Amino acid sequence: MARAVEKLTQKARDLLARSTDRNLRLAVTGLSGAGKTAFITGIVHQLQSVTQSSHPGLPLWQVSRDERLVGVRRVSQPDLDIASFDLQGALASLCASPPQWPASTRSLSELRLEIRYRPNSGLLSRFADVSTLYLDLVDYPGEWLLDLPMLRQNYAQWSAQVFAAIEPRSSCDSLQKFKAAAGAIALDKPLSDEQFEALSALYRDYLHESVHKQGYYFAQPGRMLLPGELEGAPLLAFFPLPLTEAEHQRLGNAGKDTAYGQLQRRYREYVSRVVEPFYQQHFARFDRQLVLVDCFTALNRGRSQFEDMAMALDGILESFRFGQSSLLKRLFSPRIDKLLFAASKIDHVTRSQQGRVLSLLRQMLGRSEHFARFEGCTVEAMAISAIRATEPGMVNTAQGEVEVVTGTELGSNDKLTIFPGEVPSALPGADFWQGQGFGFAQFAPKAWHEGEPMGHIRLDHLLQYLLGDKLS
Ligand code: GDP
């Protein structure tokens, strides 16, 4: 009898454990170079190795501090139509000699982790000895979120917005070339597919030059430079036109078989076949979202680029304003309940400067007044480093002791010991930029071998915020 009861209890426990296995979809985004690939690589490494005795632990993550974490392993991902995050490739780059940073995010990818832990509260702790949380990490380019306004803009409005955004930038040859070619087409006559391809290629050359050579961030449409699975697809063969409102209106009435009419149609196709499906099939399924922001590269590049980055960040924030009345809420019912903005690569600066980076990020987020308006979603900001490439230290100088960071300079293999300079704790004004400017060094990753712990800054704090409540 006693055995039968025990057997029954075990069965009930198994059943409960199975029914309480939960799933959390955590999306990671940020503009190109923000640190998404390094983040996913670093966090998966920490999660998989934290239960090993050689690991220094993740003390700010409660389940780890309480020693309730049983183990974390990668398991088959749920969506077979999404590329797998290339964890092996990323770890191989870090293990290489000399070590390399992994290749950056260019498209959507995912991986699933099975986190087994001992619950310490609630029903679960009474019935299930060990519970499982399936964590799906989804990586995608933040540039794709910049397409959101297209859902409510027509072609003329979109064109005007693109040209208003790029106006403050210094001009470049490729923009002149595109404008000259676009100015030479008869917009009230039809255009061949080849001509659309050729003009879009010129527009793409311009985006390429402004982002990869001049260091700007805002590039629209979001898939032009990071096409993902749409590489080479005719869906991307369209471009904005620098016309006046009156010209847009006149051409809009000239019929759908004109070049202008074709452009309007191509624009609508892009919105309905690329932008909408992304929000419907992916964004609407995210439970939590991390947005990484690299402040250092933007500060290094200069005023115009920094302001462009802040503008692009504002654009990204739009996707997280899902108050009852928002377009997003009406169209896709997103369910994100926690949003975290993290200033990345914080190991670039000394400890005393890290708080300033966080205030700068907070200012950037608050400036747009969006920060306070994320209804139904908890928002937090942090400063982290996913894969720490430097060590902090002190050096004696004629002026007394100075805090420094030490690491290997990216590309040169030279050891660098530097005080990287003051980070502005608020949005830099004109005098800041007229001064000496910024010169944050780029560091190579430290030498690392499988089985060794990897350095990080505050990933445990981040895990507590994003996963803590799911593992209690
Ligand atoms: P992604 O485009 O968002 O995927 O950005 P990546 O993850 O590829 O990061 C871009 C670059 O930033 C890397 O190649 C590194 O040079 C640097 N980086 C990323 N994370 C860190 C970090 O935690 N510390 C340091 N020092 N550099 C980092």
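Biologist: So two strands pair if DSSP finds at least two bridges between them. Which residue of β10 stands opposite E391?

Modeller: T406 is the residue of β10 that stands opposite E391. Bear in mind that this is a predicted model, where local features need pLDDT of at least 70 and side-chain atom pairs pLDDT 80 or more, while totals for chains, interfaces and linings use all residues. Residues are numbered from 1 along each chain as its sequence is written, and side-chain values use heavy atoms, without hydrogens or water.

Biologist: Good to know. How many bridges join β9 to β10?

Modeller: There are 7 bridges between β9 and β10 (residues 400–408), and the two strands run antiparallel. Strands here are DSSP runs of E of at least two residues, helices are runs of H or I of at least four, and both are numbered from the N terminus.

Biologist: And what order do the strands of that sheet come in?

Modeller: The order is β9-β10-β11, giving an open sheet of 3 strands with antiparallel pairing. At its edges sit β9 (391–397) and β11 (415–418), each of which pairs on one side only.

Biologist: Let's jump to β6. Is β6 (residues 288–293) largely enclosed or largely open?

Modeller: Enclosed: 6 of the 6 residues of β6 are buried, so the rest of the structure largely encloses this strand. Buried means under 20% relative accessible area, exposed over 50%, and partly exposed in between (1.4 Å probe, protein chains only).

Biologist: Which way do the β6 side chains point?

Modeller: R288, L290 and L292 point one way from β6, while Q289, V291 and V293 point the other way; all of them are buried.

Biologist: Which strands is β6 joined to?

Modeller: Strand β1 (residues 22–30) runs parallel to β6 and is joined to it by 5 bridges. L26 has R288 in β6 as its bridge partner. Strand β7 (residues 338–343) also runs parallel to β6, and 6 bridges join the two. There, Q289 stands opposite L339 in β7.

Biologist: New topic: how many salt bridges does the structure hold?

Modeller: It holds 21 of them. A salt bridge is a side-chain nitrogen of Lys or Arg within 4 Å of a carboxyl oxygen of Asp or Glu. One of them brings together the side chains of E114 and R73, at 2.9 Å from N to O.

Biologist: What about R169, which residue does it form a salt bridge with?

Modeller: With D308, and the closest N and O atoms are 3.2 Å apart. R169 belongs to the loop between α6 (155–166) and α7 (173–183), and D308 to helix α12 (residues 303–318), 139 residues away. Both R169 and D308 are buried.

Biologist: And which parts does the R356 and E422 pair tie together?

Modeller: Their side chains meet in a salt bridge of 3.5 Å, N to O. R356 lies in helix α14 (residues 351–367) and E422 in the loop between β11 and α15 (430–434), so the pair ties together parts 66 residues apart in sequence. R356 is partly exposed at 28% relative accessibility, and E422 is partly exposed at 44%.
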